[in-house]
There are 2 protein chains.
Amino acid sequence: MTLEANGKTKTEKYRRILEAAIKVFAEQGFFHSTISQVAKEAGVADGTIYLYFKNKDDILIQFYNYKTRNIFNRFRETVKEAENPSEKFRNLIRCHLREFQRDHNMAVVYMAEARKGRHLDKFVDELTKMYLNMVGEVVEQGQAEGTFRKNLYLSLVKRYVLGAVEAVISTWVYAGGKYDLESMADPLVDLFLRGIGSDDVAAG
Amino acid sequence: MTLEANGKTKTEKYRRILEAAIKVFAEQGFFHSTISQVAKEAGVADGTIYLYFKNKDDILIQFYNYKTRNIFNRFRETVKEAENPSEKFRNLIRCHLREFQRDHNMAVVYMAEARKGRHLDKFVDELTKMYLNMVGEVVEQGQAEGTFRKNLYLSLVKRYVLGAVEAVISTWVYAGGKYDLESMADPLVDLFLRGIGSDDVAAG
DNA sequence: CCGGTAAATGAATGACTATTCATTATAGAA
DNA sequence: TTCTATAATGAATAGTCATTCATTTACCGG
């Protein structure tokens, strides 16, 4: 029986390299990291990396595949679980923060490298679109039910939500992940829903 | 009289190299750009670059100095001109969008590289803080005057505003600067002030 | 224990490119 | 015109790494 057929050792090593790579990338940035460093961190030879990945870029691409599919499934679930649009919205934000808090290295790499290399654009783009769509659906539902305002520039709203959440995550990453990120969810949702204007003035 | 004493040719070449560099960086990304490309774009020899800049990284650092000081002065002015906090807030956002729209290459480089290299962190950090402080001051003034809600998590508000504005700029950059960015200001300010919740529900 | 296949190794290769510096051009002063 | 100091040049250097591949190791069936 080969290792491939077994399917266990192969997968384990693949994961080990991937986790090692993300750790190294998180510490040094993608461009400043070397294959040798990744290999060392993973406890394999340099050449071994190339049995599992096409090249250095491919490691990042696989990373996005490996991690973000899972996360997006969790996003979907948490949205599905909620009963009304504003609860869906709150769950989505909370889950987003929780998942990034869960894996600090991933958060660093995602935040730092997501808006970079030409190759990755297509994939990151897809993910971003998925997220924006999710926000869009929830907001439209909320509009239909009367929880959210009707006169919203929807595509702007979607960007604004994603941008603000990512900014909060970036700040947390930058601070070294010292405080509890998930607890930002409620105040943030409050801002999204009510804005910063005082109620009398804003409504006018 | 030397060129240095003259002060004109020297500065002109410095600017020429800087603009060329930003153009190249915007097209290829900092890491994928070579000094030779920058030199070619600027119409000088490779070695000439090193008469004006310490090294490749220094070009980016100088860029942040050269561009963002001006922009921040404009931010300050536009805020000073407005009479009340919500007008100050609106002016700030509008000016932010306008200045980035004005120089597409700058926008690309700023958005792509701001959250990267170890060396730049200190400087980008400073600029970010300056911006956050400006937002903070305006919001606090607005709270004192009753235009903005009292119970705001201020440090969160600052991040949320910057994050959302940057997301809107990123989207514009990514789309190739095709549409009018400044016109996003009013809808965006509206979101900041009123949020997305319908007034009756949000107020409850 | 043997033979063969798959997996892993890591030294060697080949590109690439930031940076240097010996040389050349320039431009004002005398 | 000649001299001098400054600016500019770009070929050569030196170092870095991604990637390859000839060799070794591990493993399994028979």
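This is a predicted model: local features need pLDDT of at least 70, side-chain atom pairs count only at pLDDT 80 or more; totals for chains, interfaces and linings use all residues.
User: What area do chain A and chain B bury between them?
Analyst: The size of an interface is often given as the accessible area lost when the parts come together. For chain A and chain B, 64% of that area lies on carbon and sulfur atoms. The total is about 4,300 Å².

User: Which three residues supply more of the area that chain A buries against chain B than any other three?
Analyst: Together this trio accounts for 20% of what chain A buries against chain B. The residues are Arg149(A), Tyr160(A) and Ile196(A).

User: Which side chains meet in a salt bridge at 2.6 Å, N to O?
Analyst: Side chains of opposite charge can pair when their charged atoms come close. Across the interface of chain A and chain B, the rule finds two salt bridges, alongside 19 residue pairs in polar contact. The salt bridge at 2.6 Å joins Asp190(A) and Arg149(B).

User: How many residues apart are Glu41(B) and Lys23(B)?
Analyst: The structure holds 22 salt bridges over all chains, and Glu41(B) and Lys23(B) form one, at 3.2 Å, N to O. This pair links distant parts of the chain, with Glu41(B) in helix α3 of chain B and Lys23(B) in helix α2 of chain B. Their separation is 18 residues.

User: Are α6(A) and α7(A) roughly parallel or roughly perpendicular?
Analyst: Helix α6 (residues 85–102) and helix α7 (residues 104–113) of chain A have axes 5 Å apart, at an angle of about 110°. Angles of 65 to 115 degrees count as roughly perpendicular. So α6(A) and α7(A) are roughly perpendicular.

User: Which residues of α7(B) make the contact with α6(B)?
Analyst: In chain B, the axes of α6 and α7 come within 5 Å and cross at roughly 110°, so these helices are roughly perpendicular to each other. The residues of this contact divide into five nonpolar, two polar and two charged. From α6(B) come Glu99(B), Phe100(B), Gln101(B) and Arg102(B). Facing them from α7(B) are His104(B), Met106(B), Ala107(B), Tyr110(B) and Met111(B).

Note on methods
Residues are numbered from 1 along each chain as its sequence is written. Chains are lettered from A and ligands numbered from 1 in the order in which they are written. Side-chain values use heavy atoms; hydrogens and water are left out. Axes are lines fitted to C-alpha atoms, for helices over the stretch in contact, and angles run from 0 to 180 degrees between N-to-C directions. Helices (H or I, at least four residues) and strands (E, at least two) are DSSP runs, numbered from the N terminus. Angles under 35 degrees count as roughly parallel, over 145 as roughly antiparallel, 65 to 115 as roughly perpendicular and the rest as oblique. Buried area is the accessible area (1.4 Å probe) that two parts lose on being put together, summed over both. A salt bridge is a side-chain nitrogen of Lys or Arg within 4 Å of a carboxyl oxygen of Asp or Glu. A polar contact is a pair of N or O atoms within 3.5 Å; within protein, one must be able to donate a hydrogen and the other to accept it, and residues adjacent in sequence count only if both atoms are side-chain atoms. Contact means heavy atoms within 4.5 Å. Ala, Val, Leu, Ile, Met, Phe, Trp, Tyr, Cys and Pro count as nonpolar, Asp, Glu, Lys and Arg as charged, and the others, Gly among them, as polar.
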